[in-house]
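Biologist: I would like to learn how to read aromatic rings in a protein model. Please show me with an example.

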There are 2 protein chains.
Amino acid sequence: MERIKPRTLSGFMELLPPAQAKMEVFMETLRKNYSLYGFTPLDTPVIEAADVLLAKGGGETEKQIYRFTKGDSDLALRFDLTVPLAKYVALNYGALAFPFRRYQIGKVYRGERAQRGRFREFYQADIDIIGDGKLDIVNEAEIPSIIYRTFTTLGLEKFVIRVNNRKILTGFYAMQGLGDRAGDIMRTVDKLDKIGPEKVRELLTSEEIGVPAAAADEILRFIAIRGSNAEVLSALEGYRGRNGIFDCGLDELRAVTAYLPEFGVPEQNFAVDLTIARGLDYYTGTVYETTLTEHPEIGSVCSGGRYDNLAEYYTDKPLPGVGISIGLTRLFYVLQEQGMLSDALITAPADVLVIPMTEELSFAVQTATTLRNAGLRTQLYTEPKKFKAKMSYADKLGFPFVILIGEDEIAQGKVSVKDMASGAQTLQAPGEAAGQVKAALTERSGVKVIKE
Amino acid sequence: MERIKPRTLSGFMELLPPAQAKMEVFMETLRKNYSLYGFTPLDTPVIEAADVLLAKGGGETEKQIYRFTKGDSDLALRFDLTVPLAKYVALNYGALAFPFRRYQIGKVYRGERAQRGRFREFYQADIDIIGDGKLDIVNEAEIPSIIYRTFTTLGLEKFVIRVNNRKILTGFYAMQGLGDRAGDIMRTVDKLDKIGPEKVRELLTSEEIGVPAAAADEILRFIAIRGSNAEVLSALEGYRGRNGIFDCGLDELRAVTAYLPEFGVPEQNFAVDLTIARGLDYYTGTVYETTLTEHPEIGSVCSGGRYDNLAEYYTDKPLPGVGISIGLTRLFYVLQEQGMLSDALITAPADVLVIPMTEELSFAVQTATTLRNAGLRTQLYTEPKKFKAKMSYADKLGFPFVILIGEDEIAQGKVSVKDMASGAQTLQAPGEAAGQVKAALTERSGVKVIKE
């Protein structure tokens with residue numbers, strides 16, 4: 001038979017079982033935490049009509065999108081979860097209650113140039129709160145608290161959620177008489193971390209953007225405002241009264257930073273940062289980026305913000321919202337590369353491997369059933385191999401417990417329970433064994449998927 | 001602005017939040033139960049190289065597949081989860097330990113003609129056990145026990161897992177001197193339920209298949225064998241000794257039916273059924289179909305079997321296996337249509353809606369944080385609406401509990417907890433409220449997603 005070489009496409013993550021087990025903990029942690037805040041899970045198709053997905057249109061998206069025809073249909077794969085959300089809300093407007101809070105964890109597709117750490121198929125994990133006409137500012141303070149709880153549950157502690165408000169920036173640039181160039185300026189300032197202040201100044205004063213030298217200096221002074229949140233807010237008060245949009249943004253930023261501690265976010269995990277703009281025209285109020293304190297080179301691992309109009313390409317209903325997105329596949333990849341995924345996490349396919357050592361399997365099957373009824377993940381190993389091969393299978397897959405059943409055990413109606421970590425072996429009735437293993441696993445269950 | 005009509009493609013399931021909440025319970029139940037048997041979760045790309053997916057080739061698949069080019073690459077969307085598993089095992093053979101047990105719940109794509117209840121994008125939920133060269137028969141008995149536990153956890157009781165063995169059929173046809181036509185015959189017999197015995201006889205004796213009349217009668221007598229499992233096995237013993245393959249199949253079927261009760265499957269939930277063949281050349285031993293007793297018209301909702309060679313198109317390693325698949329999207333759709341999804345299940349986005357009735361929100365935010373820390377799914381409603389609008393939001397989304405916080409409550413440091421089912425309202429400290437709500441929810445948590 002002619003054989004095809006098995007292969008997985010470049011830019012598509014496909015994990016071996018131990019890594020996949022960690023990814024599952026990741027996704028389950030996200031689902032649990034998002035649910036704690038009243039977000040309902042959503043699942044939209046991977047394929048949509050191309051004109052629906054490309055309603056907004058625009059450069060990079062059109063180039064990267066996977067688009068094809070099937071029969072007469074012009075189809076495309078979703079490239080984010082925001083456009084499908086906009087479609088969903090516009091389509092089901094009458095059936096939904098607002099504010100509408102949804103989370104979605106799903107694969108999206110972008111035909112980027114293949115390179116290490118860049119993915120063409122990747123998971124995004126999004127939460128959004130959509131209002132009908134209006135949406136209260138408290139929601140903008142709640143979003144970072146969700147990220148805080150999610151990240152700490154995963155095992156991260158050393159991270160900062162950076163918060164800014166686009167109205168402050170828009171208002172500030174208007175004060176400088178640069179309102180018409182605010183978009184270009186913000187996109188340039190957004191590069192500050194990567195290229196440094198000198199280069200930013202150079203770009204701002206270039207012919208293309210054309211900011212006068214004095215205004216460029218003013219901009220650099222402004223974005224250099226640093227300090228505790230109270231200090232930054234206090235420095236911003238110095239600009240109050242010169243522009244209505246600026247003042248409104250400052251009020252919002254004050255409200256967000258005031259609510260954050262009440263939502264349980266410690267001061268060290270969030271920071272007002274005037275350099276955050278998010279290089280998209282989409283955001284209109286609060287914006288977020290999240291960086292790992294000891295790995296600034298990774299960039300933001302969780303970003304988002306407030307927008308005024310989710311679905312303007314589909315409906316005339318004003319639908320303001322606030323949302324944040326985790327690029328899950330990339331984050332997982334980076335954590336793996338940095339050695340930040342815990343090896344202490346149990347990644348075996350089951351908690352217990354039951355190994356019968358006789359041909360007669362009844363007692364072993366019954367024991368496995370007893371363990372499963374007790375909620376223990378249990379695999380029965382029935383291949384007729386030598387004892388050594390069976391134990392080497394248990395070792396290779398990392399089962400925390402092995403239960404051995406030979407003629408002696410069957411005669412006594414008991415099983416030998418081997419704790420693979422300590423090597424200790426005890427003889428017990430199957431029901432007792434289940435209790436012992438469960439207790440031991442509960443003790444060991446505090447391990448988090450990320451270690452710092 | 002010119003607007004695009006928001007729409008979802010025909011043949012693509014997109015659920016409203018209450019139905020999606022039920023689908024999530026479905027998927028979580030599958031994940032939990034598959035994990036109880038030592039299956040490791042796998043996640044392979046939706047897109048693969050077209051030549052990899054089409055290694056086997058063949059009629060319907062080639063017609064239905066979503067295939068397209070991106071740059072120079074000839075790509076396709078997976079149409080099942082078996083071919084990607086075969087690729088994965090062949091590709092990672094050296095890194096895996098065998099038997100390799102994996103489950104995968106993922107979307108697959110088939111460009112079928114659009115019609116009601118037919119989906120082009122749908123979830124399959126697969127479990128497979130792959131051996132390296134050999135795989136013990138006990139695995140073939142364990143598979144139905146997994147389905148039994150999964151279905152009963154979902155709330156189904158009235159179903160029968162029908163079991164047969166392809167070797168019995170192959171051996172029987174060989175006895176009739178029809179070994180060379182066994183495939184055609186089995187495909188025809190497989191239609192018995194749909195077209196009846198007369199029509200089957202007609203097709204068998206047609207020129208195309210060419211079974212002699214006497215042999216056709218013998219075949220119809222054989223597949224008409226009915227009764228308890230013991231009776232059917234006993235009738236099959238009457239054929240023993242005439243064909244080695246038949247005898248081997250009968251031994252396997254006896255082994256499977258003997259182990260099933262030890263795996264905890266009651267006699268009424270499985271049946272030896274000689275009409276089950278699975279219309280695929282792929283299966284070589286035990287085969288399964290699962291039917292809902294009171295809805296035979298739905299057909300099999302969970303099918304699979306034993307195969308000798310998972311990945312022959314990719315590797316010369318013999319990789320026998322056994323697996324079963326649930327067509328999740330179709331099953332969910334059918335249950336919904338039949339009114340078999342429980343309305344008693346809580347589908348609200350959270351357990352508690354916290355409604356502040358003052359402008360000052362600190363106590364409400366702190367209360368929400370307390371509830372979340374206690375593990376309660378909690379939504380904070382902060383939109384400045386009238387009380388009636390807030391309560392109507394709570395009603396519409398079906399929150400089981402609402403917590404009201406007005407000036408009186410704040411003054412006392414307590415909250416008003418309203419049980420939306422009974423209407424009862426009590427005043428308590430936030431911590432106490434959390435305890436009460438948790439206790440009440442635990443009491444109500446026995447509801448299963450399917451009702452019969």
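**Reading the rings**

Modeller: This model is predicted. Over all chains, the structure holds 37 aromatic pairs.

Biologist: What kind of pair do F172(A) and Y173(A) form?

Modeller: Look at the angle between the planes. Over 60 degrees counts as edge-to-face. F172(A) and Y173(A) have planes 70° apart, so their pair is edge-to-face. Their centres are 5.3 Å apart.

Biologist: Is F172(A) buried or exposed?

Modeller: Under 20% relative accessible area means buried. F172(A) has 0%, so F172(A) is buried. Y173(A) is also at 0% and counts as buried.

Biologist: How are the rings of F172(B) and Y239(B) arranged?

Modeller: The planes of F172(B) and Y239(B) stand at 85°, so this pair is edge-to-face. The ring centres lie 5.7 Å apart. Now check the positions in the chain. F172(B) is in helix α6 of chain B, residues 166–175. Y239(B) is in the loop between α10 and α11 of chain B. They are 67 residues apart, and the pair links distant parts of the chain.

Biologist: What are the relative accessible areas of F172(B) and Y239(B)?

Modeller: F172(B) has 0% and is buried. Y239(B) has 11%, and is buried too.

Biologist: Where does the charged end of R101(A) sit?

Modeller: For a charge over a ring, check the distance to the ring centre. The charged end of R101(A) is over the ring of F39(A), 5.1 Å from its centre. K317(A) lies over the face of Y93(A), at 4.8 Å from the ring centre.

Note on methods: Residues numbered from 1 in each chain as written. Chains lettered and ligands numbered in written order. Predicted model: local features only at pLDDT ≥ 70, side-chain atom pairs only at ≥ 80, totals over all residues. Heavy atoms only, no water. Phe/Tyr/Trp six-rings, centres within 6.5 Å; stacked < 30°, edge-to-face > 60°. Buried < 20%, exposed > 50% of the residue type's maximum accessible area, 1.4 Å probe, protein only. Helix = DSSP H or I, 4+ residues; strand = E, 2+ residues; numbered from the N terminus. Lys NZ or Arg CZ within 6 Å of the ring centre and 35° of its normal.
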